[in-house]
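Here are my notes from going through the model, point by point. Have it open beside you as you read.

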Amino acid sequence: MLKVLIKIGLCLAVVGTVYGQKQPLKLWYKQPASATTPDSKEGWKDDQEWLKALPIGNGNIGAMVFGDVNKERVQLNEKTLWSGSPFDNDNPEAPKYLDEIRNLLFEGKFKEATALTNKTQICNGKGSGQGNGANVPFGCFQTLGDLWLDFGKQGDYQSYYRDLNLNEAVANVSYTQDGVTYKREYFVSGPLNALVVRLTANKAGAISFTASLNRPERFTTEAADGELRMFGALHNGQGADGMQYMTRLKAKLNGGTQSFLDNKLVVKNANEVILYLTASTDYLPNYPIYKGRDYQGITAANLKKAFAQPYVQTKKEHLADYQKYFNRVALTLSETADNVPTDERLLGLKTTENDNHLSQLYFQFGRYLLISSTRENTLPANLQGIWANKIQTPWNGDYHTNINIQMNYWPAEVTNLSELHLSMTQFIKDIEKPATKSASVQFGLPGWSVNPIVNVWGFTSPGEHPSWGLTSGASGWICQHLWEHYAFTRDKNYLQSVYSTLKNAARFYKAWLVVDRESGLLVSGPASSPENAFVAPDGSRGSISMGPAHDQEIIDELFGNVISAAEILNDKDAFIEELKAARKKLQPVKIGSDGRVMEWAKEYKEVELGHRHMSHLYALYPGNAFNYTQTPQLVEAAKKSLEYRLANGGGASQTGWSAAWVTNFWARLRNGDEGLKNFNIILKQKSAPNFFNLHPPFQIDGNFGATAGLAEMLLQSHDGNIELLPALPSAWKDGEVKGLCARGGYVVDMKWKNGQLTHAQVSSKLGGTVSVKYGKNTKTITVQKGKPTTIPL
């Protein structure tokens with residue numbers, strides 16, 4: 001094998017070196033998205049023109065840029081804008097039936113157990129409204145509305161161009177009409193928390209338009225004090241007004257005039273126009289009130305600051321704010337010129353089967369989406385990130401915790417966006433209070449617990465039906481993110497800040513587990529393997545059982561993480577010893593007679609052989625208990641499980657996010673060719689023209705999951721080693737990546753030629769001992785702070 005020099009140096013592990021991409025990265029098109037095609041009123045139906053619009057955002061305000069010529073539409077979002085309101089959904093009658101359900105399951109009476117579970121182990125009230133919660137207390141994430149720019153023309157245009165520049169987080173539009181070349185720039189400033197739109201032309205006095213603001217319902221628009229305002233209150237689901245919001249728009253002109261007519265802004269004969277839009281709601285994450293933000297004052301102050309600042313300074317500050325995140329990672333898989341529009345390249349995959357430029361573009365687009373939809377001290381990215389054009393969004397645009405919100409943050413650590421992960425970890429800490437109440441009232445247990453659906457109002461109860469709404473492993477799964485941020489950063493102060501949350505989640509599971517009557521070991525239940533079903537021994541169809549692999553894997557991992565945290569933080573609480581004892585008694589995951597990982601504690605017949613969820617493979621990814629170093633037999637069993645599920649129609653033929661999960665599975669199985677093959681299916685079958693991932697309908701977790709999968713092919717660190725190019729696809733013959741992160745506080749740069757590593761550099765801010773693996777060669781080295789070390793492999 002080729003000898004490689006690997007340099008171990010010292011630098012910041014998270015913030016890292018600023019690299020910048022060698023090539024400009026952009027999504028670009030030769031035609032606009034139609035602004036005048038109306039959206040469907042059906043919440044679960046994708047609007048095809050909206051899926052051509054380009055997303056911009058700053059973690060608070062989101063916008064979709066259509067780029068239409070005669071009438072422009074910029075669809076708006078504010079991340080906290082939810083209908084609904086706080087409501088007590090915990091069911092105090094539920095705990096009294098748990099023992100009876102468990103007894104029925106142990107006795108093999110699945111039909112009776114299922115009936116009793118369906119009747120009793122549900123929330124009070126209307127829950128999520130079966131995923132249509134806009135007008136019930138659960139509520140839903142909603143569109144803020146639209147900014148319209150009517151240019152008063154119907155004529156043809158030439159030389160049209162539209163792009164989303166990922167290097168700058170700026171959308172651009174240009175075209176020629178009536179002999180005049182027009183240009184527009186759009187971005188959402190993080191420092192100013194404002195949408196900025198700049199319109200220019202190459203002829204003086206050529207810019208005239210009418211600007212208006214509206215939304216499908218519950219709004220008032222007025223002109224006052226030189227600005228246009230849209231405000232209102234959403235439905236609280238209980239017959240009254242709920243969350244209040246404010247949007248303000250103001251124009252700065254170079255030449256020309258502006259006036260207000262019929263609550264619209266009218267601009268005439270300007271040389272240049274800069275529009276500033278601010279937005280906020282009265283939402284605050286202060287359980288149980290969730291109110292109190294001075295949304296009117298905030299929007300007024302932000303608008304005043306933005307308007308007073310020169311455009312050049314505004315854009316400069318925007319670039320600095322965005323690029324401090326984006327420029328940490330550079331990936332080069334192709335250096336060919338980007339001379340084919342993005343939508344045409346996507347269509348071309350149907351014949352070419354692979355496009356390395358699209359792969360590197362999609363990877364960086366995923367990082368762009370995370371930067372644009374989440375920042376510290378904001379709500380986490382939801383099912384649609386921050387972009388939704390409906391009143392009733394699919395699945396309420398909520399926080400699904402049986403994989404979806406977790407998948408949103410899979411790329412956060414490995415792609416060097418660690419601080420952005422804190423929006424999720426803070427959200428988990430924030431929901432601990434209502435989730436503690438749910439654990440007590442809904443289950444009669446200590447600690448805290450959530451199930452598959454969580455909203456901004458502190459909903460932590462099970463859903464309306466146990467087949468999908470009772471997922472006891474959800475709390476442990478989201479807790480993995482609390483630990484992973486520490487695993488990558490080794491920030492002891494951070495670990496101390498989340499330790500009690502981790503510990504109280506473990507406290508719930510410690511009390512939740514019961515002794516299995518056959519094995520004498522501890523099992524979770526009544527529990528589901530998320531959304532999947534089986535044929536029970538009594539012939540009934542069931543989804544609830546005792547000890548499904550999903551729960552057992554997650555609980556084992558959580559207990560292990562809490563035990564490790566206790567050692568790091570020197571916690572001598574007797575509960576930790578109890579946790580160690582309980583972990584030793586957990587029923588382990590089993591391999592079935594056909595060599596596959598058993599999804600349930602017994603070999604029940606599967607109802608849907610190609611089910612979209614592969615929850616029994618959690619320990620392969622995103623977990624790490626199935627790995628080649630310690631548990632190779634379980635890895636092989638997981639591989640057989642994956643192959644079986646895919647052979648029966650699972651993965652990309654099901655949903656976009658499932659296909660993204662499969663990409664990560666193949667990476668962990670060190671099969672880059674299969675991983676890339678699956679990723680290309682995502683591009684061909686589950687990607688909109690603007691790269692949004694399609695469930696369908698649009699759901700952003702697939703974008704983030706696929707981004708993580710591409711990173712996982714290049715770097716892994718889950719088994720105690722830093723493994724370089726563990727699943728390099730043969731199609732990525734030559735390439736370079738800089739800035740990927742490994743657990744332990746390391747940052748890795750690599751270059752390869754003809755499929756062989758030619759250079760690698762690992763940097764750290766911590767020092768210590770690290771094991772670096774490439775192929776069959778492993779070197780363990782001691783890194784002294786401030787002293788680079790070079791080793792041959």
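1. A polar contact, as used here, is a pair of N or O atoms within 3.5 Å; within protein, one must be able to donate a hydrogen and the other to accept it, and residues adjacent in sequence count only if both atoms are side-chain atoms. Helices (H or I, at least four residues) and strands (E, at least two) are DSSP runs, numbered from the N terminus. With that in hand, look at the start of α14: D573 caps its N-terminal end, with a side-chain oxygen 3.0 Å from the backbone nitrogen of F575.

2. Before going further, some housekeeping. This is a predicted model, so local features need pLDDT of at least 70 and side-chain atom pairs count only at pLDDT 80 or more, while totals for chains, interfaces and linings use all residues. Residues are numbered from 1 along each chain as its sequence is written, and side-chain values use heavy atoms, with hydrogens and water left out.

3. Staying with α14, which residues of this helix are buried? In α14 (residues 574-584) they are F575, I576, L579 and A582; buried means under 20% relative accessible area, exposed over 50%, and partly exposed in between (1.4 Å probe, protein chains only). These four sit on the same side of α14 because they cover an arc of only 120 degrees around the axis, the arc being that of the directions from the helix axis to the C-beta atoms. The buried residues pack against α12 (492-512), β22 (522-523) and α13 (549-568), where contact means heavy atoms within 4.5 Å.

4. Now the open spaces. On a 1 Å grid over the protein atoms alone, a cavity is a set of points where a 1.4 Å probe fits but cannot get out, and a pocket is an open set with protein on both sides within 12 Å along at least five of seven lines; lining residues have an atom within 4 Å of a point. Grid points are joined across faces, edges and corners, and a volume is the space filled by probe spheres set on the points. The largest pocket has a volume of about 450 Å³. It is lined by 24 residues, and R490, S717, H718, G720 and R743 lie nearest its centre.

5. What supplies the lining of the largest pocket? α11 (474-489), α13 and β33 (768-774) each give at least two residues, with α11 giving the most, 5 residues. By class, that lining divides into 9 nonpolar, 10 polar and 5 charged residues; Ala, Val, Leu, Ile, Met, Phe, Trp, Tyr, Cys and Pro count as nonpolar, Asp, Glu, Lys and Arg as charged, and the others, Gly among them, as polar.

6. The second largest pocket holds about 380 Å³ of space. Its lining has 18 residues, and D39, S40, K41, P216 and N389 are the closest to its centre. The classes there are 5 nonpolar, 7 polar and 6 charged.

7. The largest cavity has a volume of about 220 Å³. Of its 18 lining residues, W410, E484, F488, Y621 and R743 are the closest to its centre. R743 is also among the residues nearest the centre of the largest pocket. α8, α11 and β28 (715-716) give two or more residues to the cavity lining, and α11 gives the most, 4 residues.

8. The second largest cavity has a volume of about 90 Å³. Residues that line it include F151, K153, Y175, Q177 and R184. β8 (170-177), β9 (180-189), β10 (194-201) and β11 (207-214) give two or more residues each, with the largest share, 3 residues, from β9.

9. Finally, the backbone. Most residues other than glycine have a negative phi, and most peptide bonds are trans. Cis bonds join Y287 to P288 and P696 to P697, each with omega about 0 degrees. P288 is in the loop between β17 (272-281) and α3 (295-308), and P697 in the loop between α17 (672-685) and α18 (701-714).

10. Positive phi values turn up at D262, near 55 degrees, and at N416, near 65 degrees. Are these residues buried or exposed? D262, in the loop between β15 (257-261) and β16 (264-270), is exposed at 66% relative accessible area. N416, in the loop between α8 (410-414) and α9 (422-443), is buried at 1%.
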